[in-house]
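Dear colleague,

Please read the notes with the coordinates open beside them.

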Amino acid sequence: MDSLICGIHHAALKCGSIEKFEETLSFYQNVLGLKLVRSWGEGLNAGAMLSTGDSLLEIFAGGDLLPQGTIHHFALRTSNTDACVTAVRQAGYPITVEPKEIVIASEPPFPARIAFCQGPLCEVIEFFQER
């Protein structure tokens, strides 16, 4: 059977306040360089979609902030994990796992360079560079 799924369309973040919405947009646009695709609404009804290259990150101004929940993290594909970590660190956000080389023990083995940080909403972000 062919897969009905062809990729991740978007991940969504709820900010809980206009201040956090603006900080979150700034982090993803100005620190990580994501481009605004569309935006809508005003105040706590505002939202935006940013391009990650082959998928989108959707950000809502309103909504309740929830604990970590069932989503452990989301990974952003990059060609330079170390540059992402430098940009995040310079912007004052915590790096929770420093850049490192890994090999996922699969067949065939899957080498990558990864790092993790915490974003403005306490979201866990992985930077994933396939080798």
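Leaving aside its neighbours within four places in sequence, S17 is in contact with L44 and A61, where contact means heavy atoms within 4.5 Å. S17 is placed in the loop between strand 1 (10–14) and helix 1 (18–31), with helices (H or I, at least four residues) and strands (E, at least two) taken as DSSP runs and numbered from the N terminus. Its relative accessibility is 18%, so S17 counts as buried, a class that means under 20% relative accessible area, with exposed over 50% and partly exposed in between (1.4 Å probe, protein chains only).

Before going further, please note that this is a predicted model, in which local features need pLDDT of at least 70 and side-chain atom pairs count only at pLDDT 80 or more, while totals for chains, interfaces and linings use all residues. Residues are numbered from 1 along each chain as its sequence is written, and side-chain values use heavy atoms, with hydrogens and water left out.

On the chain as a whole, the secondary structure comes to two helices and eight strands, which follow the pattern β-α-β-β-β-β-α-β-β-β along the sequence. For 131 residues a compact globule would have a radius of gyration near 14 Å, and the 16 Å of the protein chain agrees with that; the radius is taken over C-alpha atoms, and the globule rule is 2.2 Å times the number of residues to the power 0.38. The C-alpha atoms fill a box of roughly 50 × 45 × 30 Å along the principal axes, and 35% of the 131 residues count as buried. Among contacts with a separation of 6 or more, residues 24 or more positions apart account for 50%. The protein chain exposes about 8,100 Å², of which carbon and sulfur atoms supply 56%, the areas coming from the Shrake-Rupley method with a 1.4 Å probe.

Turning to the sheet, four strands form an open arrangement in the order 5-8-7-6 with mixed pairing, two strands being paired if DSSP finds at least two bridges between them. Strand 5 (74–77) and strand 6 stand at the edges with a single partner strand each, so one side of each is left without a neighbour in the sheet. Neighbouring strands of this sheet are turned by 25 degrees against each other on average, direction ignored; axes are lines fitted to C-alpha atoms, for helices over the stretch in contact, and angles run from 0 to 180 degrees between N-to-C directions. Strand 5 and strand 8 run parallel and are joined by four bridges, and R77 has F128 in strand 8 as its bridge partner. Helix 2 (residues 81–90) lies across strand 6, strand 7 and strand 8, running at about 170 degrees to strand 6.

Two backbone details deserve a look. The peptide bond from E107 to P108 is cis, with omega near -5 degrees, and P108 sits in the loop between strand 6 (95–104) and strand 7 (110–118). C122, in the loop between strand 7 and strand 8 (124–130), has a positive phi of about 70 degrees although it is not a glycine.

Finally, the cysteines: with a disulfide taken as a pair of cysteine sulfur atoms within 2.5 Å, the count comes to zero. C15 is in no disulfide, the nearest cysteine sulfur being that of C122 at 12 Å, and with 1% relative accessibility C15 counts as buried. The sulfur of C122 is 11 Å from the closest cysteine sulfur, in C117, which is too far for a bond.
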